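Subject: Structure handover

Hello,

Here is the structure for your files. My notes come after it.

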Amino acid sequence: MKIERNYLVLLIITCAAIFFVNLGSLPVNIMEARNFITAREMLTDGNWLLTTINGEPRYQKPPLPTWLTAFSAAIFGIKSVWALRLPAAIMSLILVLISYKFAQKLTSEKLYSFISSLVMATSFYIVASARDGQWDIYTHGFMMLCIYMLYHFFIENLTRHSVGNHKYRNALLAGLFFGFSFLSKGPVSFYALLLPFLISFGIVYKFRDIKSRWLPLLLFIVVAAIVSSWWHWYTLTFDPVAIEITKKETTNWISYEIKPFYYYWSFFTQSGVWTIPAFVALLYPYLKNRVFNKKAYLFTFLWTIFSVVLLSLIPEKKSRYLLPVLIPMALNTGFYIEYLFRRFKELTDKKETIPVYFNFGLIALIGIIFPIGGYIFLKDGLEGNWLWFVLLSITLLIIGVFMFRNLFRRKISNVFYLTIAFIVTVIWFGLPLSNAITNNPEYKSYSELNAFGKTEGLSIYEFSDMTPELIWDYGEKMTILKEDNNVIIPEESKFGVMVSENNLENFNNTFADYHKELVERYDMNPKGSDSRTHKNRLYRDLFIVSKK
């Protein structure tokens, strides 16, 4: 059976290898902890609509991804990090597969669709989001499903690729997926992914025969509005606190994490190993006469550029907000790599060949020198991790050698697929080595604190400043004694209080008339106190407080 008949199967296998393997190997980060706590309180407290974090209202983010995470946790276990990240991995798989189908509909070229989808699946921030319990991948995954249905809606009966009369079906599904995207992270994906798509589609393909589509288009708008807004209406109606939370979240767009307009203009570096191909693919004057489909290439180019421009207009900027740009950029990069597949053996101009040799030669070189360089960097933490290190070293070395061999022979398709294998190898054998760089002899988990409190029959309180990672690891809600200028004094004659270093003086003043005994430090930093990455927010001192 020819390989082109198995592109979809190969894509699923590759995505499974990248998104699902070792899914629970990395520690839970601050954004994940917030989301996982909310999912846990859905299951333990029934807070499915009026969502909470550590018992307090949390309406900053809509609940759909949290629901999916809670369902997975209910099936596989609330303490399983793999289970909590599983829905994000599934959503990432859906994103890549629907992008493959979209690219195929756009160009009728399966090889290009396969290439661009593999680029997407292995782009740095796509991989990071697929393996992380944050909500960005959900909003953009659902919006890509919406875009796919809208594309069908706009081209139906206009091209040889569209037959039948499914305008209402496509409009209905597009509206549902739009609503699901909004229920994942509000209007983010509408602004950063759908709006630039509509602008680019209008410029390149035009909205033809739109008069015959106004009624199903109205259906799309109505369904999208209802699905998007019902939860926000519910929270605003049944909890007055939601109004203030909504105002604060909206204000953050113009007053929080302010960066200059040009902050995002190194966006192509977020694609990781595809940085140079992604940059070259954005050189429109160079590539426009080399691609197999000029119109589709112009469309993906404009989609990428408009996405970056619109994001740049928002004062609040974070690198992870570039995730939606990587979707059209992968489709755009696919045109360049497909061109290399066809023509690289014939190229004689060094200006065209040097970027290719440099990009893939650098990846190959990293593979070859890793056994030595990796040992030098990781030697202090390799005890108990030697098997993973040896497997990673041997596999990367072999891949590096074969990449150089195929580069010299100008077999660029083999080099491309070996690059995919490089990424898979790092996921399979490299992620378990994360333990090798975790070296904190004073590490003590908050889950141990929970067990200590129950064993001693003590209530444990946080003095101030909730840290999501600590509360998540603790396993249940923890009452915070001091918020703003209000301080709660526990009624028990003896209790435990967790105190951060910056709150120590305030704690001593608050409990000046109590006996205080420092018992233990609970430090969840991956590296010890001598490391510059050691964070105050990730450790607390446990004091046993009792009345004199």
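This is a predicted model: local features need pLDDT of at least 70, side-chain atom pairs count only at pLDDT 80 or more; totals for chains, interfaces and linings use all residues.

Residues are numbered from 1 along each chain as its sequence is written, and side-chain values use heavy atoms, with hydrogens and water left out.

Helix pairs

Helices (H or I, at least four residues) and strands (E, at least two) are DSSP runs, numbered from the N terminus. Axes are lines fitted to C-alpha atoms, for helices over the stretch in contact, and angles run from 0 to 180 degrees between N-to-C directions.

Helix 3 (residues 64-76) packs on helix 4 (residues 81-107) at about 140°, and their axes are 8 Å apart. The two are therefore oblique to each other. Angles under 35 degrees count as roughly parallel, over 145 as roughly antiparallel, 65 to 115 as roughly perpendicular and the rest as oblique. Helix 3 passes helix 4 in a right-handed crossing (left-handed if the near helix is turned anticlockwise from the far one by less than a right angle, right-handed if clockwise). Helix 3 supplies L68, T69, S72, A73 and F76 to the contact, and helix 4 supplies W82, A83, L84, L86 and P87. Contact means heavy atoms within 4.5 Å. By class, this contact of helix 3 with helix 4 has 8 nonpolar, 2 polar and no charged residues. Ala, Val, Leu, Ile, Met, Phe, Trp, Tyr, Cys and Pro count as nonpolar, Asp, Glu, Lys and Arg as charged, and the others, Gly among them, as polar.

Helix 9 and helix 14 (residues 294-313) pack at an angle of about 140°, with axes 8 Å apart. They are therefore oblique to each other. Helix 9 passes helix 14 in a right-handed crossing. Residues in this contact include Y191, P196 and F201 of helix 9 and K295, W303 and F306 of helix 14. The contact of helix 9 with helix 14 divides into 18 nonpolar, 2 polar and 1 charged.

Cores

A nonpolar core is a set of buried Ala, Val, Leu, Ile, Met, Phe, Trp, Tyr and Cys residues joined through side-chain atoms within 4.5 Å. Buried means under 20% relative accessible area, exposed over 50%, partly exposed in between (1.4 Å probe, protein chains only).

The largest nonpolar core has 131 residues, and F19 and F102 have the most contacts inside it. Helix 7 (residues 136-155) gives the largest share of this core, 15 residues. A second, separate core has 22 residues, including A73, L84, M498 and M524.

Single residues

N54 is not a glycine, yet has a positive phi of about 55°. N54 lies in the loop between strand 1 (52-53) and strand 2 (56-57). N54 counts as buried, at 8% relative accessibility.

D209, also not a glycine, has a positive phi near 55°. D209 sits in the loop between helix 9 (188-204) and helix 10 (214-238). At 44% relative accessibility, D209 counts as partly exposed.

N525 is in the loop between strand 7 (514-523) and strand 8 (539-547). N525 is buried, at 1% relative accessible area. Leaving out residues up to four places away in sequence, N525 touches N440, Y443, T533, H534, K535, L538 and Y539.

Best wishes
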